[in-house]
Amino acid sequence: MRVKILIALSLVLLTIFTQGESPEARDVFLNGIIYTADGENWHQNPQESIVIGDDGRILFVGNSEEASLFIGENTRVHDLDGNVVFPGFLDTHTHPPGTSLSVMTSIYIPVTAKKEEALSIIREYIANNPEQDSYWGMGFSTGIGDSPIGPKKEWLDEIESEKPIILTSSDGHNMWLNSKAFELNGITKDTVYPTGTIHKNEEGELSGMLTDTFNILTMEQVFTPQQQKSALEDYLKNMHNRGYTGGQYVLMSLEEANAGKAYADYLIEMAQIGSLQTRASLMHVFTPDDDFDEALDYVLKMQEMLTDFDTFALNTAKFFVDGVVEGGTAYLWQPYANNQERGFPPDYASDLLWDNNVLKEHFSTLMRHGIQIHIHAIGDRATSETIDALAYAHENNPGVYTRNTITHLQLVTEADKIRMGEMKIIGSTQPFWHVKAPGFYHEVEQPFLGDERALAAYPVRSLIDNGVLVTFSSDSPVTPEPHPFYGVELAVTRNLECGDYGVPDIDDIDDPTWLRNPLERITVKEAIEAFTINSAFQMGMEEQIGSLAVGKWADMVIVSQDPFRIEPIKLNEIEIIATIFAGEIVYETTSGGYQQNHDA
């Protein structure tokens with residue numbers, strides 16, 4: 001120990017001699033269990049303390065005795081009192097403002113709500129807001145219906161028949177309308193639309209739900225700038241409360257600038273005045289309806305404008321190549337299992353949303369410009385054709401690597417897992433979905449896919465084993481409560497212990513009730529890395545964040561328990577005590593959990 005202290009003192013003296021300034025720290029955190037996520041065996045070698053400089057970067061990580069050498073007259077000293085520290089968590093696929101805008105301005109239906117609860121929420125909101133001429137909302141699960149075509153328009157008609165009701169599902173791909181909304185938007189049973197599905201009942205009449213019918217509505221919900229700003233601030237606050245210090249944010253296309261682009265503008269404004277306390281890597285959505293050159297020009301200009309920001313970048317193009325299983329719009333190699341029940345042709349397996357040749361050329365152009373490509377692919381055939389297009393882009397851009405990413409990956413063939421590893425395609429997955437979710441798996445996934453495909457969905461272990469770098473994300477608001485340790489638990493157990501779904505807790509990790517394919521379980525270490533250093537790599541920020549190392553930003557989270565020392569089915573009980581961004585506390589529980597002494 002004495003030798004280590006002498007070495008530390010030598011480094012301090014060298015700093016003073018070479019830089020002519022004191023190495024006094026702004027903050028010193030002592031007596032903790034600090035997992036750095038740095039190197040191969042970080043989970044076996046936790047540190048005790050971390051030292052932060054005036055610029056918010058890490059000066060030292062090690063034991064408390066050596067860290068004490070950095071304490072000066074103005075240093076803030078924090079006693080971690082044995083609490084656990086990790087790098088700040090990162091969400092590599094999220095849609096600001098999450099649920100905040102709907103909760104603050106519209107009807108919000110929790111994804112776990114059953115039919116009667118959902119209808120009660122809708123009824124109460126309308127009763128409390130009789131002055132509105134239309135009613136909008138989000139959050140419902142398509143599994144609340146009692147048929148494969150989802151919830152019915154008649155349920156909404158019984159609540160309100162004179163004004164339109166338009167509700168978006170938690171996944172963002174489905175809409176539930178009452179009859180008045182169909183009428184005012186000019187949608188009938190004979191309407192033909194180029195994308196998605198207009199669902200009908202057994203009599204061939206409109207059932208009440210639309211899937212991936214982009215821009216079919218003539219009506220639009222309009223928000224004030226203040227509503228949008230308040231929702232964004234609430235979203236960022238909620239992310240801090242859960243231990244997130246950054247993420248890759250999905251924004252809308254040029255066609256939908258009123259929504260997504262507004263949030264980009266607000267984030268830029270916050271970055272310019274120095275109030276943005278998150279690392280935001282933005283994605284711009286490219287759609288078949290966009291002018292590709294115009295969208296590319298927008299991204300390139302944004303890249304140039306944001307070059308000097310430490311907290312902000314726009315470096316990614318996002319593509320939707322298919323829809324979702326629950327709407328029958330995910331693109332599959334084999335037909336859906338319930339085509340007959342839904343009135344679809346026996347061989348129906350959906351289709352790709354893009355012409356694959358166009359996709360290949362767009363991907364090639366984006367790679368040539370050094371832009372990362374981030375692709376929504378749910379069905380196994382959608383993933384296959386996405387990889388084909390990326391392979392073409394690689395062939396046309398030899399030596400170029402832009403950290404291209406496929407997100408969701410609900411169904412993936414064994415051959416494509418190998419191809420993803422060989423091509424270094426990142427897999428951004430959502431562990432929150434990787435169980436037999438109550439109210440959804442048996443009601444939706446299993447009927448649409450059949451037993452074999454439903455059970456095999458959402459691979460993680462097999463992706464990692466094939467050399468795929470896996471990152472974790474929430475796809476918020478699809479996951480309305482994206483607590484990272486919920487995600488860690490679900491990735492490690494592939495089972496559901498958390499009581500948020502209103503079902504009994506389990507006490508056996510292998511309880512079959514909600515267990516989905518335990519062969520895809522991963523370790524706690526791998527799950528933490530998927531939320532930290534791996535995600536930083538996907539964001540292109542691994543030299544700045546993602547692990548706790550000298551020179552990196554002091555973005556970190558203090559938590560209540562050590563995930564390496566508790567039962568896997570108890571991981572969801574870990575609480576966020578504090579979230580720290582660039583060395584400053586941006587969230588802290590009211591009960592505290594560690595002590596601060598400014599006089600030390």
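Gly 143 touches Gly 439, Glu 443 and Val 444, leaving aside residues up to four places away in sequence. Contact here means heavy atoms within 4.5 Å. The model is predicted: local features need pLDDT of at least 70, side-chain atom pairs count only at pLDDT 80 or more, and totals for chains, interfaces and linings use all residues. Residues are numbered from 1 along each chain as its sequence is written, and side-chain values use heavy atoms, without hydrogens or water.

Gly 143 lies in the loop between strand E9 (135-140) and helix H5 (153-157). Helices (H or I, at least four residues) and strands (E, at least two) are DSSP runs, numbered from the N terminus. Gly 143 counts as buried because its relative accessibility is 11%. Buried means under 20% relative accessible area, exposed over 50%, and partly exposed in between (1.4 Å probe, protein chains only). The C-alpha atoms of Gly 143 and Asp 475 are separated by 18 Å, and these residues are 332 residues apart along the chain.

A nonpolar core is a set of buried Ala, Val, Leu, Ile, Met, Phe, Trp, Tyr and Cys residues joined through side-chain atoms within 4.5 Å. The largest has 108 residues. Those with the most contacts inside it are Phe 86, Leu 282, Phe 312, Phe 319, Phe 363, Leu 366 and Phe 485. Helix H8 (residues 260-272) gives the most to this core, with 8 residues. Phe 312 touches, among others, Ala 264, Leu 267, Ile 268 and Ala 271, with residues up to four places away in sequence not counted. A second, separate core has 17 residues, including Ile 107, Ile 126, Ile 144 and Trp 155.

Helix H11 (residues 356-368) has 13 residues and should span 18 Å at 1.5 Å a residue; its end C-alpha atoms are 18 Å apart, which agrees. The expected span is 1.5 Å times one less than the number of residues. Buried residues of H11 include Asn 356, His 362, Phe 363 and Leu 366. The buried residues of H11 pack against strand E15 (279-286), helix H9 (292-305), strand E16 (312-320), strand E17 (372-377) and helix H12 (380-396). At the start of H11, a side-chain oxygen of Asp 355 reaches to within 2.8 Å of the backbone nitrogen of Asn 357. Just after H11, Gly 370 takes a positive phi of about 75°.

Technical notes. Polar contact = N/O pair within 3.5 Å; in protein donor to acceptor, adjacent residues only side chain to side chain.
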